[in-house]
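Here is a guided walk through a structure that may be new to you. Keep the sequence and the 3D view open as you read.

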Amino acid sequence: MLIIGEKLNSAIPSVRQIINDKDVAAVQNLALKQVEGGANYLDLNTAQCNEDADMEWLIQNVQEVTDIPLCIDSISAQTVERGLTCIKGDKSKVMINSISLEKDRIEGILPLVIKHQCPVIGLTTDDNGIPKTAEQRIAITKRLIEVLSKENYDLNKLYIDPLVLPLAVDSNNATMFFQCLTDIKRLFNVKTVSGLSNISYTMPKRKIINRHFLAICMAFGMDAAILDPIDRKIMTSVTAANLLIGQDKFGRNYLKAFRNETLED
Amino acid sequence: MLTDTLAKAILDLEEEQVIVLVKERLAKGDSPLDIVESLQKGMSEVGKLFETGEFFLSELVMCGEIMKDAMEVLEPHLIDSVSGNKGNIVVGTVKGDIHDLGKNIVVMLLKGAGYNVIDLGVDVPIENFVEAAKESKAPLIGISVLLTGCQEAMKKTIDAIRAEGLNTKVIIGGNYIDELVREYVGADYFANNASDGLRVAKQIFS
Ligand code: B12
């Protein structure tokens, strides 16, 4: 299970603040804490700030303290391009979050993904917005894969995000999502990813719902998640779920986490 | 503290490193049995940590798996194709005990030395030992035991063999076995390693 650390996101008010303040120490601290918590990638989003310039600033400062691969999170092709330009090291490791069937992303961001052969998150949405049904999501996935295949893109690097909708709106939204995870794997054999937290939108004690949702998603074969690796409870769920789904031989990782005293019940 | 790097690698459950080290030592010309001894030493430490609760059961299992993989590498070197049949030996792990890594090494070694080994497996019922002894008229029976709780079963097995009036010697083997245990269960010999077992066999068949 690939963990994409979500903390360096300008949608979080306190993070927006430290980016605006150009607080290097705070940003680097957040980066390192996520790595320590078990992140495999760090998502960077500056959309609520001075997006282009701050993306560059963020990348430079994060890369100063860690060489963990980064995930550039933006809907602006210009930001993605600028971000890629200032990446030190192998650009083909940088994940792009995200493309979709929306026209401007296909025209703007896709060429950058292809040029650098970056791993990419593909959202199952098009110019008509987020589809309501699993079938529509599958149809969009199919078209996205066609577009990428035409460009000879390595589909092993594609992470489809079937887009979670809140349970509060429709109590079938979680099961519909599980259906998508299964079908996408079965039909196209590509990886899946989720940002998870939308599932609990407007519910109290959201973290409980989020981490149980995550565990079930893992059981349905989800390959990656965008989450807060500093949250020990959700990371404990990752560790326990990996053990339960046969991804942890002899419980090595579970026992290692136990000995490092990072498991939380 | 373990100074032996191979023993240390198995204690750390570094499966890949164990295999690398085993191959290295073979290449260096070390005797396979010395390598087994290092592995045994490391496993013994794992056992101790398990006993004190520091290691968990899954780690004991993993340790066993690593040993199995190491034995796969060692096996061809332990069996230096001696032809001919020097006689029958019955071997098995006592009733109630499923540890077989040590027993398998003994079996390999005896086969390699030209004996016809009748391997009864693990958790062997008393009757099976008796039957095999009668059928094969083996002059030697080897019984493996790693669990102290299986001492009674060992004693009963040997009593049953004796009760048949067979002219057969019994050797028991295992990590914790000593002269006291041997005497208590009524065996003729005991061994804490495979080569002692081989020595006894040679003596009996000569
Ligand atoms: C690996 C292992 C396991 C593996 C076994 C895998 C397998 N396929 O054999 C697994 C995980 C399955 C296992 C299970 C259990 N184990 Co365990 N296990 C061990 C461990 C760590 C190593 C044993 C081993 O393979 N050593 C390596 C081999 C090469 O050495 P060896 O067996 O001693 O054999 C050599 C000599 O003794 C001799 N030899 C052996 N047999 C014979 C026979 C003859 C005829 C001759 C001549 C020589 C001979 O030659 C061999 C080669 O040199 C030991 C620790 C230890 N100190 O031994 C615990 C240990 C034996 N296990 C123990 C326990 C408690 C258990 C369990 C009860 C755990 C549980 N709670 O479920 C179960 C028992 C299940 C059962 N019913 O048998 C305890 C026993 C304690 C006691 N007082 O009885 C030990 C001592 C660990 C500990 N310190 O707590 N175990």
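This is a predicted model: local features need pLDDT of at least 70, side-chain atom pairs count only at pLDDT 80 or more; totals for chains, interfaces and linings use all residues.

Residues are numbered from 1 along each chain as its sequence is written, chains are lettered from A and ligands numbered from 1 in the order in which they are written, and side-chain values use heavy atoms, with hydrogens and water left out.

Let's take chain B. It has nine helices and five strands, where helices (H or I, at least four residues) and strands (E, at least two) are DSSP runs numbered from the N terminus. Going along the sequence, the pattern of chain B reads α-α-α-α-β-α-β-α-β-α-β-α-β-α. The radius of gyration of chain B is 17 Å, close to the 17 Å that the globule rule gives for 206 residues, so chain B is as compact as a globular protein of that length. (That radius is taken over C-alpha atoms, and the rule is 2.2 Å times the number of residues to the power 0.38.) Along its principal axes, the C-alpha trace of chain B spans about 50 × 40 × 25 Å.

How much of chain B is buried? Of its 206 residues, 44% count as buried, meaning under 20% relative accessible area, while exposed means over 50% and partly exposed is in between (1.4 Å probe, protein chains only). As for contacts (heavy atoms within 4.5 Å), take those in chain B with a separation of 6 or more: 69% of them come from residues 24 or more positions apart.

Now zoom in on helix α7 of chain B, residues 151–163. Which residues of α7(B) are buried? They are B:A153, B:M154, B:T157, B:I158 and B:I161. Seen down the axis of α7(B), these fall within an arc of 130 degrees, so they line one face of the helix; the arc is that of the directions from the helix axis to the C-beta atoms. An α-helix has 3.6 residues a turn, so residues three or four places apart point the same way. On the face of α7(B) turned away from the buried side sit the exposed residues B:K156 and B:A163. The cover over the buried residues of α7(B) includes α6 (126–136), β3 (140–144), β4 (169–173) and α8 (179–185) of chain B. After α7(B) comes B:G165, with a positive phi near 70 degrees.

Next, find the ligand's cobalt atom. Its single donor from the protein is B:H99 (NE2), 2.3 Å away. Donors here are N, O and S atoms within 2.8 Å of the metal (3.2 Å for Na, K and Ca), and water is not among the atoms, so sites may look incomplete. B:H99 is in the loop between β1 (88–93) and α5 (101–112) of chain B.

Finally, hop over to chain A. A:L58 lies in helix α3 (residues 51–65) and is buried, with a relative accessible area of 0%. Leaving aside neighbours within four places in sequence, its contacts include A:L8, A:I19 and A:V27. A:Q63 is also found in helix α3 of chain A, and at 15% relative accessibility A:Q63 counts as buried.
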